[in-house]
Amino acid sequence: MARDGYPQRIVCLTEEPTEVLYALGEQDSIVGISGFTVRPPRARREKPKVSAFTSAKIDEILKLEPDLAIGFSDIQADIARELIKAGVEVWISNHRSVDGILAYIRRLGAMVGAHEKAEAYAQRAEAHIAEIRAAAAKLPRRPKVYFEEWDEPIITGIRWVAELIQIAGGDDAFPELARESLAKQRILPNGDEVVRRAPDIILGSWCGKRFRPEKVAARPGWDTIPAVRDGELHEIKSPIILQPGPAALFDGLDAIHAVIAAWAQR
């Protein structure tokens with residue numbers, strides 16, 4: 001629902017602003033989306049796709065006459081610069097934590113004049129997190145969880161993923177790397193350190209391609225890892241965990257908790 005004085009023509013350069021705006025009932029203000037958008041499914045049918053993650057069709061975006069473009073992280077700095085040079089207002093968020101995602105929902109809602117709806121939605125997410133945290137506290141044991149974001153090179157999980165693992169009842173195998181905001185700082189030189197840390201569960205979400213547990217299990221020396229020995233290798237679909245948006249707080253958290261709960265009761 002358009003409001004005077006607020007953006008009326010928004011281009012979403014990543015998935016999370018699209019998901020939030022649809023959840024708030026503010027989808028009419030969206031004029032273009034990222035080609036990686038899968039949530040909600042109707043967005044792909046209704047909105048033109050004008051960007052990837054590291055590139056965008058600048059000319060196509062400008063034809064849409066946006067009054068705001070929303071993106072995420074240093075990776076979209078070049079796109080942002082091009083749009084700013086063309087006179088478009090740009091907001092690049094850079095949140096990396098669960099609290100950051102909640103704050104993002106509230107800020108985005110305020111920017112489009114939907115503060116109350118955003119507050120209610122953020123509170124729903126907070127209630128869901130509290131519910132999973134309480135369920136996790138009742139589990140008889142906590143697993144050590146290794147999360148893999150990419151396989152060649154091996155990249156470990158980003159901060160909000162590590163925090164969701166904790167909330168869901170596990171302990172992240174690489175907590176010191178989860179604090180690093182850049183992917184290149186979460187690259188492991190090889191798999192030896194994973195073997196040494198001996199995770200009970202391996203979760204994989206290879207951004208944009210299917211996780212292959214059999215390839216992971218076949219890595220040299222990995223047969224000694226408890227997760228490999230016990231067949232505890234699970235895929236978490238990347239759209240519900242690798243975007244710093246609502247999907248991670250609802251479906252992503254639920255998927256991680258389901259794996260941990262099944263392991264803990266075994």
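User: Is E149 buried or exposed?

Analyst: This is a predicted model, in which local features need pLDDT of at least 70 and side-chain atom pairs count only at pLDDT 80 or more, while totals for chains, interfaces and linings use all residues. Residues are numbered from 1 along each chain as its sequence is written, and side-chain values use heavy atoms, leaving out hydrogens and water. Buried means under 20% relative accessible area, exposed over 50%, and partly exposed in between (1.4 Å probe, protein chains only). E149 has a relative accessible area of 14%, so E149 is buried.

User: Which side chain does E149 meet in a salt bridge?

Analyst: A salt bridge is a side-chain nitrogen of Lys or Arg within 4 Å of a carboxyl oxygen of Asp or Glu. E149 meets R186 at 2.9 Å, N to O. The two are 37 residues apart, with E149 in strand β6. R186 is also buried, at 1%. The count by this rule is 23 salt bridges.

User: How many bridges pair β6 and β10?

Analyst: Strands (E, at least two residues) and helices (H or I, at least four) are DSSP runs, numbered from the N terminus. Two strands pair if DSSP finds at least two bridges between them. β6 and β10 pair in the parallel sense over 4 bridges, and V145 stands opposite I201 in β10. β10 also pairs with β11 (residues 233-235), in the parallel sense over 3 bridges; there, H234 is the bridge partner of L203.
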